[in-house]
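Please look over the sequence and the structure first.

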Amino acid sequence: MPYFAALHPGYDIASIGEQIMQQKTVTTDILDIAYLDYGAPDGWPCIMGHGFPYDVNAYAETAPLIAQAGARVLVPWLRGYGPTRFRAAETLRSGEQAALGADLLAFMDALGIKRAVLGGYDWGGRAACVVSALFPERVIGLVSGNSYNIQNIARAMEPASPPEEAALWYQYLFHNERGRRALERNRRGFARQLWSMWSPKWTFDDATFEKSAAAFDNPDFVDVVIHSYRHRYALVAGDPAYAAIEAKLASQPPIRIPTIAIDGDSDGVNPGTAHHARKFEGFFERRVFAGAGHNLPQERPAEWAQAVLDVRKAAS
């Protein structure tokens, strides 16, 4: 029987989370990375990454479940979100995929974590895929929302179908200064619009949204977001510090570690990733969460947690 299927109906996820979670900060060469630390310090390491426009609260129910299965679950705020801060004013506020992957690797190094189960969706899933593809010796197993999240920037100008193009309206808006101003003036409005469009069957309330929306008040949020959505279309240069990583990602390297990929069948921005299977070599399983949209761990916490345990078991 799956671990979570055996839980008592009165299992209080929120209470457990309060008991075992601490907010901490670790310093890397580039960032002071704030993160939530769930579970015993000697638990098996598990790092979960959030996406845009979300934050660590995406794992508020998922992380305690994984921790109760013996893990130490670390959930960092990405660069440009929440309490995470750049250490130097002159550092380019890059949102490129290589920077996100490098941040994750630096986070592991700073905490002395040699190998971990990685998971994430959207930007956080991209960081996990980058590390899994280029540094497989650091990864036990991968849970990836929307499968192979590494961008093929060389083909970024190849058009998709009209419905797919329509779903990317926000990206095209961010390509010009009107979009930058719009995001700067109404961060919460943009985020809430995207939450509703991307997860049409998820009935989140004001309190749930506001818990995450506070993360968008980070002073670097707009710069990082705008750079991300321009760089992926080769409209702006990347940070030279990450050029070597971007060069390796340009070859679209396969992922060879055990992976469980997850899609929501009601995802308003991603129509599904069954065709990504060819990018994975070794153990690979794709799951589809019925009724779920884009914010997979927050919409389906128990199912996401189960995938983490299952991929760890497959890796062993």
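A residue counts as buried when its relative accessible area is under 20%. By that cut-off, seven of the seven residues of strand β7 (residues 139-145) are buried, so β7 is largely enclosed by the rest of the structure. The model is predicted.

**Strand β7 and its partners**

- Strand β6 (residues 116-120) pairs with β7 in the parallel sense, over five bridges.
- Within this pairing, valine 117 has glycine 141 of β7 as its bridge partner.
- Between the two strands the chain passes through α4, going from β6 to β7, and this β-α-β crossover is right-handed.
- β7 also pairs with strand β8 (residues 259-264), in the parallel sense and over four bridges.
- Here isoleucine 262 in β8 stands opposite glycine 145.

**Helices α3 and α4**

- Two packed helices are described by the angle between their axes and the distance between the axes.
- For helix α3 (residues 97-110) and helix α4 (residues 122-134), the axes come within 8 Å and cross at roughly 75°.
- Angles of 65 to 115 degrees count as roughly perpendicular, so α3 is roughly perpendicular to α4.
- On the α3 side, the contact is made by Gln97, Leu100, Gly101, Leu104 and Leu105.
- On the α4 side, Trp123, Arg126, Ala127, Ala128, Val130 and Val131 make the contact.
- By type, the residues of the contact between α3 and α4 are eight nonpolar, two polar and one charged.

Note on methods
Residues numbered from 1 in each chain as written. Predicted model: local features only at pLDDT ≥ 70, side-chain atom pairs only at ≥ 80, totals over all residues. Heavy atoms only, no water. Axes fitted to C-alpha atoms, helices over the stretch in contact; angles between N-to-C directions. Parallel < 35°, antiparallel > 145°, perpendicular 65-115°, else oblique. Contact = heavy atoms within 4.5 Å. Nonpolar A, V, L, I, M, F, W, Y, C, P; charged D, E, K, R; others polar. Buried < 20%, exposed > 50% of the residue type's maximum accessible area, 1.4 Å probe, protein only. Pairing = 2+ DSSP bridges. Right-handed = clockwise from strand over helix to strand, strands pointing away.
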